[in-house]
Amino acid sequence: MIHPDDRQPMADAFVVQLSGNTTFDKTVPFRLRRGDGTWEWFEGQSTYIANISGHPYRLVGICLSIQEYKDIENTLIEARKKAEESDRLKMAFLANMSHEIRTPLNAIVGFSDVIASTYNELSDEERADFVRLISINSEHLVRLIDDILDLSKIESNTIKFTYSCCSLKSMMKDIEKEQAVKQLPEIEIKALLPDDIYINTDATRLKQVICNFINNARKFTEKGYIHFGFTSHSEKDQLVYLFVEDTGEGIPQECQKEIFDRFYKVNTFKQGTGLGLSICKTIVEHLQGSISVESEIGKGSRFIVTL
Ligand code: ADP
C-alpha cells in the first residue's frame, strides 16, 4: 500500500529502529494508497518495546493523516511561486518602462535643447523638423502613459465596467464617423453592418478595443481597405463577432500569439508602445469574451472579438 517512492525511506526507518536506536522523536512521511487508488499522505512515528534482555519484540506507534497539511503546504508553495513570478514581472516591467519612457523623453529634451541653443543658426525648415519630432515624441509619451494607466487600472481591478444595452450598429457608425475625419488617401475605411444587434456590455470599453484595432490597422496598412463591423452566425449560440480587417502587411504566424503580450512588437522600430493589444485582451476578458487574429504576411489581418 506504500507509494513506491516512499518504500525505501520507510524500510530505512525500520532498520534504524531495529538496530536499537529508537526513532519515536523522528517522523517518517509516506503515502498510502486509498481504496479509490489515490494517494494520501501520512506520518508515522514509532518506537520498540524490548524484552527483558533488551531485544526488541514489539513496535508501537502512531500513524497520522497529514493530507490536510500537505494540501496547505502545496497551496503555500504555489502562492510563493506566484509571488516570486509577479516580483520578477514587476522588475521586468519597471526596466522596460524606464527604457520606453526614456526614449521619447530623450528625443524631446534633446531636440528642445538643440532649438534653444542654436535657434538663430537653424533654418526655418530645420526648426520645423525638430518641432515636428518633439510633437511626435510627446504624443507617443502621452499614449504610453495613458496605456500604462489603463493597464494598471485594469490589473488592480479599480477600473469600473458599466454595463448597459448597446446597439452595435450605432457604435460602429460612430466609429466610422470619427474615422472619416482622419481619412487616409489610399485606404478605404468602412463599416460593414448587418441588421442591428443589441448586447449588454460596457460600450465605452468595447469601442476602445475596436478603435485600437483600427488604429493598428491604419499604422500597418499602406493601401487597400480597413473594414470593420459585426456578425452573428446564428441566434442559437448567442455569440456575436466584432471584427476589424485590413489589407496591410500582415503578422508572421509565429508572432500571432505574442502580439497580445505586453510590450511585444513584431518590428521594434515601428512606432507604438506594444501595450495596445494586451489592454484589448484584458478588457475583452473582463467582458467575458475572447480575442483572436487571423493574418497572412503581405495580405492583411483580421482581428476578432467574440462576445
Ligand atoms: P503597438 O502600440 O506597437 O501597436 P499593440 O499591442 O497594439 O502595440 O500591437 C503589437 C504589435 O502587433 C504591433 O507592434 C504590430 O507588430 C502587431 N500588429 C498589431 N496590429 C496589426 C495589424 N493590423 N497589422 C500588422 N501588425 C499588427
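Mentor: Leu59 has a relative accessible area of 39% and is therefore partly exposed; buried means under 20%, exposed over 50% and partly exposed in between, with a 1.4 Å probe and protein chains only as cover. The model is predicted, so local features need pLDDT of at least 70 and side-chain atom pairs pLDDT 80 or more, whereas totals for chains, interfaces and linings use all residues. Residues are numbered from 1 along each chain as its sequence is written, and side-chain values use heavy atoms, without hydrogens or water.

Leu59 belongs to strand S3, residues 56–65; strands are DSSP runs of E with at least two residues, numbered from the N terminus. With Phe14 and Leu18, Leu59 forms a nonpolar surface patch of about 280 Å² accessible area together. The areas come from the Shrake-Rupley method with a 1.4 Å probe.

S8 pairs antiparallel with S7 (residues 224–231) over six bridges, where pairing requires at least two DSSP bridges. Across that pair, Asp246 of S8 is the bridge partner of Ile226. S8 is also joined antiparallel to S10 (residues 300–306) by six bridges, with Glu245 opposite Arg302 of S10.

Conventions: Patches are made of residues with over 30% relative accessible area and no salt bridge: like charges are joined within 9 Å, nonpolar side chains (Val, Leu, Ile, Met, Phe, Trp, Tyr) within 5 Å. A salt bridge is a side-chain nitrogen of Lys or Arg within 4 Å of a carboxyl oxygen of Asp or Glu. Helices (H or I, at least four residues) and strands (E, at least two) are DSSP runs, numbered from the N terminus.
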